Amino acid sequence: MVSVKRTEAENLLSLDWSKAGVVGEEVVRWLREDSSIDRVSLPSRAHLESLDGATNRVVYFVRCCDFVKVGIASDMRDRLQTLQVGCPYELTLMGTVRGASKAERALHLALNAFHARGEWFMAPPIVRKAIRDLVGLEK
């Protein structure tokens, strides 16, 4: 379930979305039309890790500015380096969970209301908190 408190929507509207181009314009339009989101529920780590069976791959969360990429990799270090080469902004690995395409798809569906483009999603504080809770980070 996805929902945002009015104050959260106001916080999002105050961000500089100009660097996001058309996506930024869509974000502002969406926030002005629907500010009912107050929480983000992601599938549990145990559920995600059970979807693809035994795998040496991970579903990762990489943050860039006010966006997060949800993808899969077998070598996270190499994947992060490859992504960084094509991005002028610093990328930060928020964390990983064991899984492959089914787990990745479940997370994409859970974050659909925040979809920006491809595997990138808007990452307001409520999305970042849900990811931190999932991957087991305190901050």
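Tutor: Let's start with a word we'll need: buried means under 20% relative accessible area, exposed over 50%, and partly exposed in between, using a 1.4 Å probe and protein chains only. Strands (E, at least two residues) and helices (H or I, at least four) are DSSP runs, numbered from the N terminus. Keep in mind that this is a predicted model, where local features need pLDDT of at least 70 and side-chain atom pairs count only at pLDDT 80 or more, while totals for chains, interfaces and linings use all residues. Residues are numbered from 1 along each chain as its sequence is written, and side-chain values use heavy atoms, with hydrogens and water left out.

My pick is β4. Seven of its seven residues are buried, so β4 is largely enclosed by the rest of the structure. In a regular strand the side chains alternate between the two faces of the sheet. Here F67, K69, G71 and A73 point one way, whereas V68, V70 and I72 point the other, and all are buried.

Now for the partners; two strands count as paired if DSSP finds at least two bridges between them. β3 and β4 run antiparallel and are joined by seven bridges, with V58 standing opposite A73 of β4. These two strands form a hairpin with two residues between them, and in it C65 takes a positive phi near 55 degrees. β4 also runs antiparallel to β7, this time with three bridges, and there K69 stands opposite W120 of β7.

K69 is buried, at 5% relative accessible area, yet its side chain meets that of E119 in a salt bridge, 2.4 Å from N to O. (A salt bridge here is a side-chain nitrogen of Lys or Arg within 4 Å of a carboxyl oxygen of Asp or Glu.) This pair links distant parts of the chain: K69 in β4 and E119 in the loop between β6 (115-117) and β7, 50 residues apart. E119, at 27% relative accessibility, counts as partly exposed.

How many salt bridges are there overall? The whole structure has four. R45 and E49 form one of them, at 3.2 Å from N to O, and they sit four residues apart in helix α3 (residues 45-51), which means about one helical turn between them.

A nonpolar core is a set of buried Ala, Val, Leu, Ile, Met, Phe, Trp, Tyr and Cys residues joined through side-chain atoms within 4.5 Å. The largest one has 27 residues, of which V40, L42, F61, V68 and L107 touch the most other members. β4 (67-73) is among the elements that each supply at least two residues, as are β3 (58-64) and β5 (92-98), while α6 gives the most, with six. Taking contact as heavy atoms within 4.5 Å, and setting aside neighbours within four places in sequence, F61 touches V68, K69 and V70, and its other contacts include L107, I131 and L134. Apart from this core lies another, of nine residues, including Y60, C64, L83 and C87.
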